[in-house]
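Me: I am new to reading protein structures. Could you walk me through a few features, one at a time?

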Amino acid sequence: MKSTNPLFTGMPTTIFEVMSRLAEEHKAINLGQGFPDVDGPEDVRRVAADALMNASNQYPSMMGIPELRQAVAAANQRFYGLDIDWKTEVMVTSGATEAIADCITGLIEPGDEIVLIEPLYDCYLPVVKQAGGVAKLVRVTPPDWRLDAQALAAAFTPKTKAILINNPMNPAGRVFDEDDLKLIAELTVAHDAFAICDEVYEHILFDGRKHIPLMTMPGMRDRTLRIGSAGKTFSLTGWKVGYVTAAAKLLEPVAKAHQFATFTTPPNLQRAVAYGLAKEDSYYAGLASEQARKRDRLSAGLERLGFKVAPSAGTYFITADFTPLGLKGGDFEICKRMTIEAGVAAVPVSAFYGSDAPDHFLRFCFCKRDEVLDEALNRLEKWLSAKQPNQS
């Protein structure tokens, strides 16, 4: 029998699915996969339900329904002062992961180099390889996640076609500041490259921070593809509604990749997201403040138990160093044992690196109900108290 695609044959299942299955098998509290345990705004969900029953359920335009594309353009203006033509510069996708794949498929040719900052969302590398691209990895390392300007500059070459950044950054909880973005923009412009910006956590920043899209930096308006996610913005991750904003000439090949992937996205969900994007400022402020409160709750509890928690400036996640606990083994082993023995699942941070990764950090998801976070901490406390110091 002929071989299948070697890129995917034997490739391990994504770590998020692995840990979620293990958590389900052992009835563990799942602080691994990044989804809230309470659904998003009721009014948004009711619009989706009403549209399902009272509006068309047939194919909408592959670019997305006009109402949602208009709403995405309006949100870009409202939050960032970006003047976007909804007819030619906005496309709706079935989730941000599809949007990332479409952007890479539409832009990258075999042999093109694409700069990636690790730790990185685990779909990035396989999609780049599938397109024939060559990944140039730049590393940020916990606990400070500092972006090394010299290392970033060295990753750009005459073959660089694009840089792909995740801001705010999963799993680091890192938010690139204006100086970081200025450096990225300068290098991108100097090498006549594109920027694919995974900005799904754009509304989940903490401690007074405001999201700065790379698209707003000098020289970046017409070379940036900005990806957003209704799943993250409205705590409705199962809906898989994403959107890409880009200059028309840049969006055109990406749209052609999209038309042969999912082609379109359920119209009732699109209508509900269009409604949601127009919600009042208090909704967005409340989203960020509530997640910051949960971050603080879980961080304080983990620190009390002896973990060393790295700062988180945004996203759903905190990373914690388990070295002070004296546990033996790497992060994969600790995650597995913690799920089976303690009944709490996390994700090993090394899964977000290509190779030679730090192996003593765990990623915990805090977008859960308070009682769930508290019970997870109680279970961890019992598990740790049953172990002697420096004992596996």
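Reply: Gladly! Let's begin with pairing: two strands pair if DSSP finds at least two bridges between them. Strands (E, at least two residues) and helices (H or I, at least four) are DSSP runs, numbered from the N terminus. Here, strand 6 (residues 194-198) and strand 7 pair in the parallel sense over 4 bridges, and D198 stands opposite I227 in strand 7. This is a predicted model, where local features need pLDDT of at least 70, side-chain atom pairs count only at pLDDT 80 or more, and totals for chains, interfaces and linings use all residues. Residues are numbered from 1 along each chain as its sequence is written, and side-chain values use heavy atoms, with hydrogens and water left out.

Me: In which sense do strand 7 and strand 8 run?

Reply: They run antiparallel, with 5 bridges joining strand 7 to strand 8 (residues 242-246).

Me: How many residues of strand 7 are buried?

Reply: Buried means under 20% relative accessible area, exposed over 50%, and partly exposed in between (1.4 Å probe, protein chains only). In strand 7 (residues 224-229), 6 of 6 residues are buried. T224, R226 and G228 point one way, while L225, I227 and S229 point the other.

Me: Is K161 buried or exposed?

Reply: K161, in strand 5 (residues 160-166), is buried, because its relative accessible area is 16%.

Me: What does the side chain of K161 reach at 2.9 Å?

Reply: A polar contact is a pair of N or O atoms within 3.5 Å; within protein, one must be able to donate a hydrogen and the other to accept it, and residues adjacent in sequence count only if both atoms are side-chain atoms. The K161 side chain reaches the backbone oxygen of L107 at 2.9 Å.
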